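I opened a new notebook page for this structure. I wanted to look up a helix pair, a sheet and a pocket.

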Amino acid sequence: MINISKFNPTYLQAKAPEIFTIANNLSEVDDLRASLSRLANDMMFDAFDDYDSFSEGSVIRVRDCAKVMIRLMTRRSEDMANFSVAKAIMDLARGKRRPDLTPAFYAELLYLILGLQGRGPGTTLADLHLIPSRYENREAALERSRQLDELHVEVQWRLSKFTSGLDDESIKRRKARRDRLLDAMQGSESDWNDWTWQVQHILRDADEIARLLNLSKSEYNAIKMARKKRIPFGITPYYLSLMDDEPEDGRDRAIRAQVIPSGFYVEKMAEAQRFGHCLDFMLESDTSPIDLITRRYPSICIFKPFNTCPQICVYCQRNWEIDDAMEPGAMAPQKKIDAAIQWIRSHPAIHEVLVTGGDPLAMTDDQIEQILTRLADIPTLERIRIGSRTLVTLPMRITDKLADIFARFRDPGRRQVAVVTHAQSSYELTPQTVSAVERLRKRGIPVYNQLVYTFFTSRRFEAAFLRRTLTRIGIDPYYTFNTKGKEETIDYRVPIARLLQEQKEETRLLPGLSRTDEAVYNVPGLGKNYLRANVHRDLISILPDGSRLYEFHPWEKNISNAARTHLSEDVPILDYLLKLDAIGENVHDYGTIWYYY
């Protein structure tokens with residue numbers, strides 16, 4: 001449990017008397033900013049100069065916290081954030097009430113100050129198991145191997161907490177669910193394996209879904225309201241069969257959250273409709289030179305011929321323009337398709353096209369073949385990439401015929417055809433997904449995965465378990481996306497620090513091919529910002545609600561003086577930990593999260 005009561009001014013001042021003494025003895029905020037910057041720099045120098053009295057990890061923690069403190073104290077950061085951390089400290093030192101400051105703000109400041117002192121919460125699994133050895137040569141290697149075996153046992157125990165859809169019990173459970181659904185829907189097994197039957201029987205009505213699945217009251221109400229407000233929604237019968245009759249067991253938490261909206265999401269989407277707000281977070285309208293095309297990079301573009309999916313992801317990037325699940329008329333007019341393809345042809349710098357939407361595999365075979373034929377006729381295209389979630393929402397869509405169509409447009413050495421899917425949970429992966437992947441790979445079509453790192457996939461080792469399962473069935477991890485800062489999807493968002501922690505402390509403990517993906521943040525209008533290296537971003541402020549305010553630098557920052565940066569307000573870490581606590585996680589296991597900046 002988190003003791004939230006300690007995150008207050010009194011406790012903070014008790015842990016950092018030197019900082020508040022300085023603040024109390026100065027009359028100007030500018031003087032305090034300079035003094036705290038010097039203090040942070042001096043503490044970093046002392047840690048490196050007197051390094052033998054610190055652990056190596058503590059030295060690095062002091063360095064990182066000093067850099068953050070110095071950046072928080074700059075006038076540029078204050079102006080960009082429209083908030084002064086230094087002024088908040090000065091007010092607290094003088095006993096002035098600051099009702100705008102939350103426990104999450106005090107928590108951030110507390111752990112930053114503790115980090116400057118070389119202290120702070122949290123140890124990693126590696127800290128617990130990999131101890132410096134007094135041996136050398138072969139004896140050292142044997143000792144290291146023994147420690148790694150112990151670490152492996154711990155990692156395996158963590159991974160074993162999660163359930164794969166490929167486990168025997170999962171397969172048995174889903175077969176029983178399928179049979180009950182077919183009985184209720186008066187369908188046959190051949191119907192079930194026909195993707196067109198699945199599409200024709202997409203479930204939309206809350207009462208109908210409630211007859212087929214044990215819904216919570218909040219889930220039922222959210223679906224009911226989503227339909228009333230005409231918010232895109234739908235669940236394929238297949239995907240409904242992946243949800244459990246015992247939701248309290250938590251196995252299907254990520255699956256339900258993938259498609260059943262939260263009440264807050266419905267409220268915000270309805271509000272946007274009512275007031276005409278555009279939710280184009282990625283500013284695709286600013287990077288669309290022609291209808292159906294988005295271009296953010298020199299040699300690749302996005303092509304969107306189909307504007308809906310068999311099933312709508314709740315946090316869809318394009319929720320501002322997507323049509324209802326399989327709504328008629330989602331196919332773009334032929335005139336627009338012709339113009340978009342001609343635009344690609346007229347721009348020989350484009351070497352790769354990502355065909356997405358919507359979900360392009362919800363088009364008919366003939367429509368897919370026609371579009372691929374025309375794209376393959378463009379001599380400068382080296383890769384046609386197809387973005388589709390049907391491998392997990394509708395795997396029977398990947399028929400032998402469709403796989404053969406893809407294969408016809410491969411030209412080894414000159415043009416590749418690839419599929420990028422979007423698996424969120426190991427419990428989503430079923431024998432049907434495996435078969436779909438095999439059909440593609442046997443024809444030379446590689447399959448990649450883009451994971452959106454939401455709250456529902458962010459428990460310790462949860463994403464690592466997914467990646468390990470993906471690689472076993474032939475899907476290569478490609479990107480892990482930090483959740484976008486869309487207000488309506490706040491229930492899904494995770495602090496950047498948690499993704500950084502996951503990459504370093506969990507994924508890093510698995511073999512290389514199980515962790516080949518790149519952690520990224522999508523900068524609106526500009527594209528992917530790689531989180532692995534912090535030279536691509538700066539933490540410039542801690543806001544009153546405890547949010548970290550990041551300044552992201554665009555990919556072209558070193559090649560264009562016109563490049564502009566982007567400010568992003570993150571999810572307060574304390575709020576995130578409290579949500580984990582509410583679902584039964586041991587939040588002390590996440591202690592080092594505060595020191596990933």
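At what angle do helix α7 and helix α25 pack, and how far apart are their axes? I noted first that the model is predicted. Then I looked up the pair: α7 (residues 103-116) and α25 (residues 573-582) pack at about 110°, and their axes are 8 Å apart. Angles of 65 to 115 degrees count as roughly perpendicular, so α7 and α25 are roughly perpendicular to each other. I listed the contact next. Helix α7 gives P103, A104, A107 and E108, while α25 gives I573, L574 and D575. Five of these contact residues are nonpolar, none is polar and two are charged.

I turned to the sheet. It is open, has nine strands and runs in order from β1-β2-β3-β4-β5-β6-β7-β8-β9, with mixed pairing. Strand β2 (residues 300-306) pairs with β3 (residues 352-357) in the parallel sense, over five bridges. There, F306 has G357 of β3 as its bridge partner. Helix α19 (residues 365-376) packs on the sheet and touches β2, β3 and β4 (383-387). The direction of α19 makes about 150° with that of β4.

Last, I checked the second largest pocket. It holds about 1200 Å³ of space. I counted 50 lining residues, with Q317, R318, L354, T356 and Q450 nearest the centre. Elements giving two or more residues to this lining include β2, β3, β4 and β9. The lining divides into 21 nonpolar, 17 polar and 12 charged residues.

Definitions and conventions: Residues are numbered from 1 along each chain as its sequence is written. This is a predicted model: local features need pLDDT of at least 70, side-chain atom pairs count only at pLDDT 80 or more; totals for chains, interfaces and linings use all residues. Side-chain values use heavy atoms; hydrogens and water are left out. Axes are lines fitted to C-alpha atoms, for helices over the stretch in contact, and angles run from 0 to 180 degrees between N-to-C directions. Helices (H or I, at least four residues) and strands (E, at least two) are DSSP runs, numbered from the N terminus. Angles under 35 degrees count as roughly parallel, over 145 as roughly antiparallel, 65 to 115 as roughly perpendicular and the rest as oblique. Contact means heavy atoms within 4.5 Å. Ala, Val, Leu, Ile, Met, Phe, Trp, Tyr, Cys and Pro count as nonpolar, Asp, Glu, Lys and Arg as charged, and the others, Gly among them, as polar. Two strands pair if DSSP finds at least two bridges between them. On a 1 Å grid over the protein atoms alone, a cavity is a set of points where a 1.4 Å probe fits but cannot get out, and a pocket is an open set with protein on both sides within 12 Å along at least five of seven lines; lining residues have an atom within 4 Å of a point. Grid points are joined across faces, edges and corners, and a volume is the space filled by probe spheres set on the points.
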